[in-house]
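I opened my notebook for this one and went through the model a piece at a time. Here are my entries, in the order I made them.

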Amino acid sequence: MVSETMTTNTMTADPILKVEHLSMRFGGLMAINDFSFEAQRGEITALIGPNGAGKTTVFNCVTGFYKPTMGMITMRQKGGREFLLERLNDFEITRDAKVARTFQNIRLFSGLTVLENLLVAQHNTLMKASGYTVLGLLGLPGYKKAAAESIEVARHWLEKADLIERADDPAGDLPYGAQRRLEIARAMCTGPEVLCLDEPAAGLNPRESLALNELLRSIRKESGTSILLIEHDMSVVMEISDHVVVLEYGQKISDGTPDHVKNDPKVIAAYLGVEDDEVEEVIEEIEEIEGTVGGTH
Ligand SMILES: Nc1ncnc2c1ncn2[C@@H]1O[C@H](COP(=O)(O)OP(=O)(O)OP(=O)(O)O)[C@@H](O)[C@H]1O
């Protein structure tokens, strides 16, 4: 029997992230209520749901910005090392577990150049190579090698994000869509195993949206980084995601492939703002209206 909440192929399952029984309470509000899902290694997993459903709260729990009221978030790196993210601080989640994130609102160093933004992201690696001493910065061969490598990494991601021509321009001068890609390139420079993107397509025009899709696809294909995505733009979600999880009022209402989720009456009801048993009726009405409009041409 196929379970109501279909998940991706369990035969080949290799979850990089497991969220189990997650709950988050803000005063009297249960923003997330006993929410569980898995993100598979190397896949793009999208977290969708109406406004206020709790998507950003889940993200904030995964990335250490919030400590969940209850639940367990396990991240398993490709080498087999496991981290219980709910027990770590945000900087440990980034540095040790290798989970990177971007935010709904762009947070670049707008006065620094595009290239400098990518080099700053590799500060931790460079400081380690310096032995945390000024002498190290000046003379250690290990530091020189690490510095050359970080420029190579930056160049690689500049090319992937189609920003190489703008490398020496201040980040703040880039068009909006390019700034979004720069944020993602900057996160990739830290060598993450999981990349969490909070509404990367928000405010993009269709051309910028296409460039974003291409960048995300190339990240999945070439780096093997797993992507966890919150997104309102359904064309982006349906085109690039391997797996979609739907939240409503802090609870999971659907989980499966984009096609499964798209046709799930519970999801349609949540987005239309109607009761489950009214879905068929509403869809018929919409089809009738579409038919009438189509018929006038
Ligand atoms: N720090 C907080 N303090 C109090 N309430 C919060 C806090 N963060 C989120 N909430 C509440 O939790 C609920 C879920 O919010 P959240 O931002 O996670 O939803 P969302 O699905 O990301 O929404 P949107 O799509 O609008 O960004 C909302 O009712 C919100 O008001």
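Entry, a loop residue. I started in the loop between strand 7 and helix 8, where I found Glu-199. This is a predicted model, and in it Glu-199 has a positive phi of about 50 degrees without being a glycine. Buried or exposed, I wondered about Glu-199? I count Glu-199 as buried because it has 21 C-beta neighbours inside 10 Å, and the cut-off for buried is 20 or more.

Entry, a strand residue. I placed His-21 in strand 1, residues 15–26. His-21 has 12 other C-beta atoms within 10 Å, so I noted it as exposed.

Entry, the domains. I looked up how the protein chain is divided: domain 1 covers 1–98 + 192–263, and domain 2 covers 111–190. The contact takes 16 residues from domain 1 and twelve from domain 2. On the domain 1 side, helix 2 (90–97), strand 7 (194–198) and helix 8 (206–223) each give two or more residues.

Entry, the ligand. Which residues surround the ligand? I listed Phe-26, Leu-29, Ala-31, Gly-49, Asn-51, Gly-52, Ala-53, Gly-54, Lys-55, Thr-56 and Thr-57. Strand 2 (29–40) and helix 1 (55–62) are the elements that give two or more residues to this shell. The largest share, three residues, comes from helix 1. My class tally for the shell reads four nonpolar, six polar and one charged.

Key. Residues are numbered from 1 along each chain as its sequence is written. This is a predicted model: local features need pLDDT of at least 70, side-chain atom pairs count only at pLDDT 80 or more; totals for chains, interfaces and linings use all residues. A residue is near a molecule or strand if its C-beta atom, placed from the backbone, lies within 6 Å of it. Helices (H or I, at least four residues) and strands (E, at least two) are DSSP runs, numbered from the N terminus. Ala, Val, Leu, Ile, Met, Phe, Trp, Tyr, Cys and Pro count as nonpolar, Asp, Glu, Lys and Arg as charged, and the others, Gly among them, as polar. Domain bounds come from an automatic or database domain assignment. Two residues are in contact if their C-beta atoms, placed from the backbone, lie within 7 Å.
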